[in-house]
Amino acid sequence: MVGASDGGTRSATAARIYDYYLGGTHNFPADREAAEAMMRVLPSGPQLARTNRAFLGRAVRYLAESGVRQFLDIGSGIPTVGNVHEIVQRVAPDARVVYVDIDPVAVAESLDLLKDNQLATAIRGDLREPAAILTHPQVTELLDFDRPVGLLLAAVLHFVPDDDVAYRAVDQLRAALAPGSHLVASHATTDDVRHDQGELDVAHDIYQRRTETPLGLRSRSRFERFFTGLDLVEPGLVWLPLWRPAPDDPQYFTDDPRRSAGLAAVGRVP
């Protein structure tokens with residue numbers, strides 16, 4: 001576990017706050033303080049994070065069972081329970097995974113976790129600079145873009161609030177994908193969210209003051225734009241708990257999926 005002496009003056013980051021919400025140990029005091037401050041006004045924060053994580057697990061399992069053997073996980077965050085390589089290599093031991101994150105701590109922890117895994121690695125990269133990711137030597141060494149790839153953008157696009165930048169980045173990434181590839185994405189949304197707006201505003205303000213990562217929610221229509229030209233996998237674009245729920249999922253928000261405050265979809269490249 002990262003101790004207080006390691007990061008007392010560090011700014012909080014989205015990746016390490018997410019890790020804390022998931023019950024991880026790779027976070028600093030600043031991350032825990034920011035997370036706790038937000039939880040005081042929005043107690044469901046950990047449940048929101050775990051609901052998103054469960055969706056990612058279901059989606060990558062679906063892709064692996066459908067024959068996808070390569071995965072590019074951008075905005076992967078800190079290694080935690082249910083990592084992508086663990087899920088897909090359980091289905092297909094020959095599956096290859098590249099994790100990408102802007103947080104050097106996330107990358108370092110990932111590399112430590114993967115030191116004995118020859119089919120998975122982690123690099124530091126920025127979603128806003130897709131060309132640098134696609135041409136990175138470790139990416140091109142491990143992934144063959146002439147074959148299907150699972151492009152994973154789980155709970156990361158809302159950290160690129162500028163629509164022009166976000167759409168351009170995803171368009172460039174999608175252009176590199178061969179037919180049969182899939183885009184997996186989830187996104188915090190402003191649409192019909194069943195939380196007190198005042199609480200959301202306060203939590204957002206705390207996040208903006210405690211971290212250096214911008215945050216911008218999108219409507220359903222703005223999120224759906226990322227999947228233009230793709231064939232949506234059933235059940236389409238839905239609230240997080242409704243995308244192919246599994247019996248072993250955490251049972252958060254099942255009575256009112258809109259309270260998950262997140263949309264999810266998987267699209268196939270025709």
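Helix H4 gives the second largest pocket the largest share of its lining, 6 residues. Helices here (H or I, at least four residues) and strands (E, at least two) are DSSP runs numbered from the N terminus. Before going on, a word on the source: this is a predicted model, where local features need pLDDT of at least 70 and side-chain atom pairs count only at pLDDT 80 or more, while totals for chains, interfaces and linings use all residues. Residues are numbered from 1 along each chain as its sequence is written, and side-chain values use heavy atoms, with hydrogens and water left out.

**The pocket**

Back to that pocket: its volume is about 330 Å³. Of its 16 lining residues, Arg53, Ala54, Gly57, Val81 and Gly82 are the closest to the centre. H4 (45–65) and helix H5 (84–91) each put at least two residues into the lining. Sorted by class, the lining holds 5 nonpolar, 3 polar and 8 charged residues. For those classes, Ala, Val, Leu, Ile, Met, Phe, Trp, Tyr, Cys and Pro count as nonpolar, Asp, Glu, Lys and Arg as charged, and the others, Gly among them, as polar.

How is a pocket picked out? On a 1 Å grid over the protein atoms alone, a pocket is an open set of points with protein on both sides within 12 Å along at least five of seven lines, whereas a cavity is a set where a 1.4 Å probe fits but cannot get out; lining residues have an atom within 4 Å of a point. Grid points are joined across faces, edges and corners, and the volume is the space filled by probe spheres set on them.

**Helix H3**

Helix H3 covers residues 29–41, and its end C-alpha atoms are 19 Å apart; this agrees with the 18 Å that its 13 residues should span at 1.5 Å a residue. The expected span is 1.5 Å times one less than the number of residues.

**The strands**

Now for the sheet. Strand S4 (residues 150–154) has 5 of its 5 residues buried. Side chains in a regular strand alternate between the two faces of the sheet. In S4, Gly150, Leu152 and Ala154 sit on one side and Leu151 and Leu153 on the other, and both faces are covered. S8 is mostly covered too, with 6 of its 7 residues buried.

The pairings are listed below; two strands pair if DSSP finds at least two bridges between them.

| Strands | Sense | Bridges |
|---|---|---|
| S1 (residues 70–74) and S4 | parallel | 3 bridges |
| S4 and S5 (residues 182–188) | parallel | 5 bridges |
| S5 and S8 | antiparallel | 7 bridges |
| S6 (residues 231–232) and S8 | antiparallel | 2 bridges |
| S7 (residues 238–239) and S8 | antiparallel | 2 bridges |

Aspartate 73 has leucine 152 of S4 as its bridge partner, and glycine 150 stands opposite histidine 182 in S5. Over on S8, aspartate 231 stands opposite arginine 268, while valine 238 is partnered by alanine 264.

**Glycine 267**

Glycine 267 belongs to S8 (residues 262–268) and is the bridge partner of leucine 183. Is this glycine buried or exposed? Glycine 267 is buried, with a relative accessible area of 0%. Leaving aside residues up to four places away in sequence, glycine 267 touches Ser181, His182, Leu183, Phe227, Leu230, Asp231 and Leu232, where contact means heavy atoms within 4.5 Å. Glycine 267 and leucine 151 are 116 residues apart in sequence, yet 9.9 Å apart in space, C-alpha to C-alpha.

Most residues other than glycine have a negative phi, and most peptide bonds are trans. Against that background, a few spots are worth a look. A cis peptide bond joins glutamate 234 and proline 235, with omega about 15 degrees, and proline 235 lies in the loop between S6 and S7.

The loop between S7 and S8 holds phenylalanine 253, whose phi is positive at about 65 degrees although it is not a glycine. Phenylalanine 253 is buried, with a relative accessible area of 4%. Alanine 261 is also found in the loop between S7 and S8; its phi is positive, about 60 degrees, and it is not a glycine. Alanine 261 is buried at a relative accessible area of 14%.

Note on methods. Buried means under 20% relative accessible area, exposed over 50%, partly exposed in between (1.4 Å probe, protein chains only).
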